[in-house]
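Have the structure open as you read.

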Amino acid sequence: MKQETWSILNDPDLLQKRNEWFDNLKLLYEGKLENQILYLNGIYGYSSTNPYEEPEKWLDEALDDLAQYAEKLTDKNIFRPLCIEFGPYGVHFIDKIFGARIYFDQTSRQWYSEYIESPIGELQYPDLARNETWNLAKRIAIAFIERKVTVPLFGLPTIASVLNIAVNLYGQRFLEELCLAPDKAKHDMDIINKLLVDIHRWYLQHMPLYQLQPVISGHRTQPPGFGQLCGCTTQLISPDMYRELIAPFDSELLSVYPHGGMIHLCGRHTQHIPIWKEMKPLRAVQLNDRAAEDLEAYFNGLREDQIIYLNPTDTMTADRAIKITGGKRLVLVTEIR
């Protein structure tokens, strides 16, 4: 271990700077941040080592890399959290744990999964003690804890959400089963959500709360004690179906965290705004790509204590977002222009 190289990652002044930014985020969530627009753009440590083969070496090199940029955390105008994040198998991390075939496409530089062929309603909880994918993720987390660096944040893999994972595993036939055989669909969602909750709880039990962040830790950074789920596939279902069959699972997952958490959205999901307004543990929405275009609907339709993280687009620019919101309840994930 390279404690001399990493000494800056334990620097008390940098730790104080990070915690001051956390304090600003807390004030924003409490509706008490006045006359300040909060900008966010974190920094990740990188390594050329293959983390699937040598996860500890990957981590050490990522920490070395991160140490070079540590002073950027002192920026007074934009929150630049220092982050360590390895996302095994991308958005198919949980699919892999369930035994789906995962492969990497060199052209698109993306992970993909093949649908499993077993009948819906027969999904089994995986043997985590013997699961290579989960044990790999744990190795990175345990190694991070053992390095005892206090300033960097630790980003989780993509644990996603019950509907995302069900559609990843079964494709369109799961959506059909939600309508035709909801009891079978619910059986599998019970299994999926139990796994998601158990994984989040493992991290909560082992990782310091002030360093634990959801996936995309440098661009969806929340105050300590907040979680996240991915709501991408909610655009495919009606409000009634979401309210009856999916929302209870999402609420259960967010409730694992002391203060609730965030939902990531990237499509057209506005039909669910009234449900999310009622969802007590939902404290933030994160909007990018198509979802960003509906900023005004989210700002006007959600509760006053629900924060919006916006990745600006060519049409939903930072300036337009500030005009819509007055800078209130808003985190702009971008550089200051």
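Start with helix H6 (residues 172-180) and helix H7 (residues 182-206), whose axes come within 6 Å and cross at roughly 125°. Axes here are lines fitted to C-alpha atoms, over the stretch in contact for helices, and angles run from 0 to 180 degrees between N-to-C directions. H6 and H7 are therefore oblique to each other; angles under 35 degrees count as roughly parallel, over 145 as roughly antiparallel, 65 to 115 as roughly perpendicular, and the rest as oblique. On the H6 side the contact (heavy atoms within 4.5 Å) uses Phe 174, Glu 177, Leu 178, Cys 179 and Leu 180, while H7 brings Pro 182, Lys 184, Ala 185 and Met 189. By type, that makes 7 nonpolar, no polar and 2 charged residues. Ala, Val, Leu, Ile, Met, Phe, Trp, Tyr, Cys and Pro count as nonpolar, Asp, Glu, Lys and Arg as charged, and the others, Gly among them, as polar.

H6 also has a partner in helix H5 (residues 162-170): their axes come within 6 Å and cross at roughly 120°. H5 and H6 are therefore oblique to each other. Leu 163, Ala 166, Val 167 and Tyr 170 of H5 meet Gln 172, Arg 173, Phe 174, Leu 175 and Leu 178 of H6.

## About the model

This is a predicted model, in which local features need pLDDT of at least 70 and side-chain atom pairs count only at pLDDT 80 or more, while totals for chains, interfaces and linings use all residues. Residues are numbered from 1 along each chain as its sequence is written, and side-chain values use heavy atoms, with hydrogens and water left out.

## The chain overall

The protein chain has 11 helices and 12 strands; helices (H or I, at least four residues) and strands (E, at least two) are DSSP runs, numbered from the N terminus. Its C-alpha trace spans about 60 × 50 × 40 Å along the principal axes. Of the 337 residues, 57% count as buried, meaning under 20% relative accessible area with a 1.4 Å probe, protein chains only. Among contacts with a separation of 6 or more, 72% come from residues 24 or more positions apart.

## The six-stranded sheet

An open sheet of 6 strands runs in the order S1-S12-S11-S10-S9-S8, with parallel pairing; two strands pair if DSSP finds at least two bridges between them. Strand S1 (38-39) and strand S8 (227-230) are the edges, each pairing on one side only. Helix H8 (residues 239-254) packs on this sheet, touching S8, strand S9 (261-265) and strand S10 (282-287), and its direction makes about 150° with that of S8.

Strand S11 (residues 307-310) and strand S12 (residues 330-332) pair in the parallel sense over 3 bridges. Leu 310 has Leu 332 of S12 as its bridge partner.

Another open sheet, of 4 strands, has the order S2-S3-S6-S7 and parallel pairing. Its edge strands are S2 (43-44) and S7 (212-213). Helix H2 (residues 55-67) packs on it, touching S2 and strand S3 (82-85), with its direction at about 165° to that of S3.

Strand S4 (residues 102-105) and strand S5 (residues 110-113) pair in the antiparallel sense over 4 bridges, and Ile 102 has Ser 113 as its bridge partner in S5. Their hairpin has 4 residues between the strands, and Arg 109 takes a positive phi near 60°.

Technical notes. Buried < 20%, exposed > 50% of the residue type's maximum accessible area, 1.4 Å probe, protein only.
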